[in-house]
Structures are given as C-alpha cells and as structure tokens.
Amino acid sequence: MNSSSINGVSKTFSDSDQSLDTPTYNSRKRGAKKRGIKVSPLKRFKGLGFLIGLLGVFFFVNWWMLSRLNHALFIQKISSSVKNSESPVVIKEDLRKIVKVKKPQKTPFGRLLKLAAHALAEGQNKPDPKGLWEEPYDRASNWKPCAEERDWEPSEGNNGYIMVTANGGLNQQRVAVCNAVAVARLLNATLVLPKFMFSSVWRDASQFGDIYQEEHFINYLKPDIRIVKELPEELRSLDLDAIDSVVTDEDIMKEAKPSFYRKNILPLLLRNKVIHFLGFGNRLAFDPIPIQLQRLRCRCNFYALQFVPKIQEGGALILKRIRQNSTNAGPLDSYLLGPYAKKMVKGKSGRSAKGPKYLALHLRYEIDMVAHSLCEFGGGEEEQKELEAYRQIHFPALTLLKKNEKMPSPDELRSEGLCPLTPEEAVLMLAALGFNRKTHIFLAGAQIYGGPSRLASLTSLYPHLLAALDFIGCTASTAFAMTDSGSQLSALVSGYRMYYGGGQMPSIRPNKRRLADIFLKNSTIEWKVFEQRVRKAVRQTKQVHRRPTARSIYRHPRCKECMCLLE
Ligand SMILES: *[C@@H]1O[C@H](CO)[C@@H](O)[C@H](O)[C@H]1NC(C)=O
Ligand SMILES: *[C@@H]1O[C@H](CO)[C@@H](O)[C@H](O)[C@H]1NC(C)=O
Ligand SMILES: *[C@@H]1O[C@H](CO)[C@@H](O)[C@H](O)[C@H]1NC(C)=O
C-alpha cells in the first residue's frame with residue numbers, strides 16, 4: 001500500500017474531527033442499557049484490580065457534584081428536554097440492537113500490564129520522576145497571553161445581521177461561535193447571539209445563555225463588534241429560506257478564506273440585511289487571516305466565553321472534591337470559575353495557592369471513535385461485525401468508501417498512529433510515565449463506565465452541562481493527558497492550558513505512531529526499556545513551537561496573534 005492512500009484516510013479522519021468530537025456525550029446517553037465494546041476493556045483488567053483503582057478514583061465525582069447542583073437548573077432543563085424528546089428514540093433503538101456485550105478473546109497486553117502493576121507496586125513510595133508534573137521545556141514560559149490588545153475601532157455593524165446556529169457538541173460550538181465573531185467583524189455585520197442547534201444525537205436543548213454569560217460576551221466584545229440578543233422586529237418576519245439567506249455548511253467550503261466571505265456572503269448580506277449560518281463547523285480558515293481578525297478569534301475563545309455562575313459553581317465543587325477538599329485554587333481556576341475561584345482560596349492565606357496535584361485524563365474511546373477508525377481492537381469477528389453495523393448507521397460515507405476503495409489494513413492503520421488508544425494502552429502510557437498508584441485522576445467523558453444507573457438518565461439530559469464540567473476538570477488539572485489529539489475537547493483544553501498556564505501546565509499528547517511501534521514489542525520488551533521509550537516519545541511532543549501554518553489558534557495559541565513571545 002502506498003503512503004498516499006494512508007494519507008487519504010488520515011485526511012478523511014481529520015475532516016471528520018468535527019462530527020466525531022463530542023459524541024462522548026452521545027454515547028453516555030446509552031449508558032445503562034448499553035453494553036458495548038467500551039465496557040469490555042475494563043473487564044480485561046480483572047486480576048489487575050489496582051490498575052482500575054488508578055483509573056477509577058474519580059468515577060463518581062461528577063455524579064456526586066451534580067447531585068449537589070441547584071435543582072432549579074435541572075428542573076428547568078428536564079422540562080425543555082422532555083418537550084423535544086421524540087426523534088432521538090429511533091437512534092437509541094438502533095443502537096440497542098447492534099450493541100451487545102462482547103468479550104475480547106484474550107487480554108491484550110496482559111504481560112505488559114502485569115509488569116506495570118509490578119512496577120507501580122514497587123514504586124509506591126518513590127518520589128515522582130523528575131518533570132512528571134511540569135512542562136519540560138523552559139521556553140514554554142516565554143509565551144504570555146496577549147490577545148486582549150486591540151488595534152482598531154469598534155465596527156458599527158451596519159452591513160446587516162449575522163445569525164449563527166452552531167451544530168455539534170459544546171466544544172465544536174465554542175469554535176463556531178468565535179469564528180462567527182470574526183466573520184461578523186470581517187463583514188461589518190452585527191452578530192445576533194449565537195444559537196446552538198438541537199440535534200437528535202446530542203438531545204440537549206441548552207442554549208448559549210444556559211452555558212455562557214450573555215452580558216459578558218456582548219460587553220466584552222463591544223470594542224470589536226456589535227452583538228444583539230435578537231434580530232430587530234422588522235427583520236423577524238423575513239422568510240430567510242425564500243430569500244436565500246440561509247447558508248449551510250454545503251454552501252461554504254471548509255476553512256474558507258476571508259475573500260470567500262467578501263465575495264459570496266457580503267453581497268447577500270447587503271441585499272437581504274440578514275444571513276443565517278446553519279451548522280457553521282470549521283468554516284473559517286486559520287491562514288491566511290489578517291492579524292487583528294485572528295486575534296479577535298483568540299480574544300473570543302480566551303476571554304469572551306465565560307461559563308454561567310451555575311456551571312462555575314459546579315466546577316468549583318468538582319475541583320474541590322478532586323483536590324481532596326483543599327480550598328486552595330489552582331493557577332487556572334480564576335479563568336474558569338470566576339468569583340467561585342476566589343471563594344476557594346479564602347481563609348487559607350498561609351499556604352501555597354496550589355491545590356493537591358491531579359491528573360485529568362480524556363479517554364476518547366467511545367464506540368463512534370472506535371468504529372470510525374476502521375481499526376481492530378482484539379474482539380475478533382464479532383467486534384468487526386458490530387463496528388460495521390455501527391458504521392452503516394452513523395458513517396454511511398465511510399462504509400461506501402470502504403466498499404469501493406482499497407483501504408489500509410488495520411495493522412497499517414495502527415502503525416501509522418491512526419487508531420485510538422485503548423484504555424489499556426492509555427493506562428500503560430501513564431504507568432510508564434511514572435504516575436503512581438496514589439495519583440488522583442479526573443476521568444473526562446467516561447462516566448458511562450461505572451456510574452450508578454441514575455447517571456445514565458442524567459447524562460442523557462445534560463450532555464452540554466457535563467461537557468462544560470469536563471472542560472473545567474481537564475483544564476484546571478495539574479497534568480492533562482489525552483488519548484486523541486484530534487478531539488475538540490482535548491484540543492481546546494490544551495490550548496487553554498497553553499494560553500493561561502505560563503508554561504507550567506503540561507499536556508500529555510501521545511504520538512500514536514511512535515507508541516504503536518513500541519506496543520508492537522509488547523510480548524518481549526523489558527519494563528525499563530518500555531518506560532524509557534514511552535517517556536521519550538511523550539517528551540518530544542511537548543516541545544515548544546510556534547503554531548504551524550493553517551493549524552488551529554484555539555489548539556496552538558503560541559503564535560503572534562494570540563500570545564507574545566518574550567525573548
Ligand atoms: C468595514 O468598515 C471598515 C471601516 O469603516 C471599512 O474600511 C471596510 O471596508 C468595511 N468592510 C466591509 C466589508 O464593509
Ligand atoms: C470531603 O468532604 C466531604 C463532605 O464533607 C466528605 O464526605 C469527604 O470524605 C471529604 N473527603 C476528603 C478526602 O477529605
Ligand atoms: C503485541 O505483540 C504481539 C507479538 O509481538 C503482536 O503481534 C501484536 O501486534 C502486539 N500488539 C499491538 C497492539 O501492537
């Protein structure tokens with residue numbers, strides 16, 4: 001197989017990041033009923049119980065916290081969700097049919113897991129390896145936030161109104177909102193407060209104002225663009241479809257350049273006075289973009305979007321719990337929790353302002369991800385059948401592609417680093433890095449593994465709320481480990497840690513290609529050698545570099561538009 005076909009596939013994958021990202025929450029809703037391939041990996045740990053302990057410390061944290069959140073929020077949201085609950089049932093039924101219990105033939109990595117268990121037991125009282133909780137390269141701290149600096153007059157927004165209804169999960173929507181802010185400025189348009197699309201997949205009726213502070217958003221961006229809560233009366237009666245003012249993702253190419261908007265959207269805006277972007281996933285390029293416009297996008301992401309007090313309060317409770325009731329705030333708390341961060345430090349003036357260390361792990365191993373990867377995970381033919389059935393329903397284009405073109409084999413995909421890390425691989429990586437058995441872990445996006453059955457119904461109703469809490473739990477962590485760098489949550493979280501972290505907030509991003517190479521030797525490799533190679537591979541991904549051209553500023557804010565480099 002030639003490398004271009006692999007590249008072809010990898011392109012397909014990165015293109016679908018958008019749709020793949022937040023189904024984390026999609027799969028949660030199946031929680032209680034679902035017995036899928038996600039559940040089985042944990043069973044593989046039997047006999048290595050204390051590795052589960054390592055992973056499991058905070059399974060229940062979110063649940064615990066949620067039960068303490070103000071009931072009003074839930075009641076209000078339950079009623080709105082119930083109103084909208086007809087269509088999703090179909091999907092749920094489909095899933096129930098295809099997703100059954102399945103047991104892997106044999107524990108993958110059994111030998112390595114035993115070695116890991118042994119090493120962890122031995123290393124219990126040893127100090128952490130040097131640099132475990134730190135960014136290894138000093139240069140990281142030369143980058144300082146600077147997206148707040150403005151160099152222009154406010155736009156009056158006279159050319160018309162831009163409405164946007166963002167699709168996808170919470171994190172995709174965040175990106176869409178900030179891209180819409182930039183487009184509004186580009187076209188001298190007034191932005192109507194963004195709406196979030198209700199989808200049968202997410203089943204979350206949350207709107208912008210349920211998640212983010214509206215007044216802060218409007219006021220903070222006043223020196224940049226004009227934002228209104230609603231379309232003016234006289235425009236509301238327009239049939240936008242009839243006048244061609246509804247612009248869907250099919251009408252705009254991915255990563256469209258500013259010139260596209262000027263040429264194709266501006267005339268429409270001037271003629272109709274209103275444009276409605278529907279979906280708006282990934283529709284504005286990262287390069288080339290005028291520097292001030294790029295900076296506006298950063299400003300939106302890092303300053304204008306503040307969680308509502310309810311979520312901040314919930315986040316504060318979660319963090320307090322993970323930090324073993326310590327009231328000391330972490331370095332990023334104030335950006336995430338607003339006034340609730342201050343409450344945490346009150347009365348503890350004598351001590352360091354840093355709470356106990358914890359690791360956040362975003363284990364992106366849900367069925368959608370697994371099915372989409374076209375990889376094999378040791379479940380044999382049965383697994384392949386299940387995944388194919390899932391693909392037929394959710395990724396029909398992929399099924400078609402697979403039928404009509406010669407695709408790389410699962411082994412080839414694996415060696416190219418295109419397969420999601422399994423829970424076993426993730427745990428081996430963490431153990432090799434030196435996280436010991438006492439490590440406190442916040443596990444994002446994985447409540448489905450062991451939460452009480454009540455959790456299933458809760459998570460099905462509030463995926464956005466939970467996504468916000470995951471965002472907080474991951475961003476505020478001492479160290480953050482992801483298993484898939486393409487996921488929007490992982491991307492936004494690492495960017496946020498880079499932006500506000502002062503070079504002190506490490507993110508662990510596995511180089512899956514190199515790890516695959518190491519894992520190939522699983523049946524012979526010595527633990528010490530395994531450790532060394534994993535540490536080296538992870539350390540390399542922490543190198544400090546400028547944002548590569550055309551890459552996301554939200555993920556890579558180390559660029560002159562967002563941050564300033566002090567030499
Ligand atoms: C927006 O307004 C600025 C300042 O008035 C002007 O220079 C620019 O050409 C306008 N752009 C559009 C697309 O109307
Ligand atoms: C934290 O506080 C809660 C509630 O007061 C208590 O149940 C829990 O045991 C405490 N946890 C620790 C680690 O101290
Ligand atoms: C584990 O090792 C065996 C034997 O070397 C190899 O065939 C297998 O592919 C390895 N597993 C992974 C996931 O690399």
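This passage walks through a predicted model of one protein chain and its ligands, from the overall fold down to single residues.

As the model is predicted, local features need pLDDT of at least 70 and side-chain atom pairs count only at pLDDT 80 or more, while totals for chains, interfaces and linings use all residues. Residues are numbered from 1 along each chain as its sequence is written, chains are lettered from A and ligands numbered from 1 in the order in which they are written, and side-chain values use heavy atoms, with hydrogens and water left out.

To start with the big picture, the chain holds 28 helices and twelve strands. These elements are DSSP runs numbered from the N terminus (helices are H or I, at least four residues; strands are E, at least two). Of the 567 residues in the chain, 57% are buried. Here, buried means under 20% relative accessible area, exposed means over 50%, and partly exposed is in between, using a 1.4 Å probe and protein chains only. The accessible surface of the chain is about 23,500 Å², and carbon and sulfur atoms own 52% of it. Such areas come from the Shrake-Rupley method with a 1.4 Å probe; for residues, only the protein chains shown count as cover. Contacts (heavy atoms within 4.5 Å) tell the next part of the story. Taking those between residues at least 6 apart in sequence, 83% join residues at least 24 apart.

Helix α16 makes a handy worked example. With 14 residues (309-322) at 1.5 Å a residue, α16 should span 20 Å, and that agrees with the 20 Å between its end C-alpha atoms. The expected span is 1.5 Å times one less than the number of residues. The buried residues of α16 are I311, Q312, G314, G315, A316, I318, L319 and I322. An α-helix has 3.6 residues a turn, so residues three or four places apart point the same way. After α16 comes Q324, with a positive phi near 55°.

Setting aside neighbours within four places in sequence, S490 touches H362, F480, M482 and D484. With one of these, H362, the side chain of S490 makes a polar contact of 2.9 Å. A polar contact is a pair of N or O atoms within 3.5 Å; within protein, one must be able to donate a hydrogen and the other to accept it, and residues adjacent in sequence count only if both atoms are side-chain atoms. S490 and R555 are 65 residues apart along the chain, yet their C-alpha atoms are separated by 8.5 Å. Leaving out neighbours within four places in sequence, the contacts of N179 are F280, R283, L284, R297 and Y554.

Next come the ligands, where a residue is near a molecule if one of its heavy atoms lies within 4 Å of it (the cut-off for a strand too). Around ligand 3 are F109, F519, L520, N522 and S523. By class, that shell has three nonpolar, two polar and no charged residues. In this scheme Ala, Val, Leu, Ile, Met, Phe, Trp, Tyr, Cys and Pro are nonpolar, Asp, Glu, Lys and Arg are charged, and the others, Gly among them, are polar. A backbone N or O atom of F519 lies 3.4 Å from an oxygen atom of ligand 3, and a backbone N or O atom of L520 also lies 3.4 Å from an oxygen atom of ligand 3. S523 brings a polar side-chain atom to 3.1 Å from an oxygen atom of ligand 3. On its own ligand 3 exposes 360 Å², and the protein buries 54% of that.

F109, from the shell of ligand 3, lies in the loop between α8 (88-98) and α9 (110-122). Its phi is positive, near 60°, in a residue other than glycine. At 14% relative accessibility, F109 is counted as buried.

Ligand 1 has N159, L186, N188 and L266 around it. A polar side-chain atom of N159 is 2.9 Å from an oxygen atom of ligand 1. Of the 360 Å² of accessible area that ligand 1 has on its own, the protein covers 35%. The shell of ligand 1 splits into two nonpolar, two polar and no charged residues. N188 belongs to the loop between α10 and β3 (190-192), has a positive phi near 50°, and is partly exposed, with a relative accessible area of 38%.

Finally, the peptide bond from D287 to P288 is cis, with omega near -10°. P288 is in the loop between β7 (274-279) and α15 (291-304).
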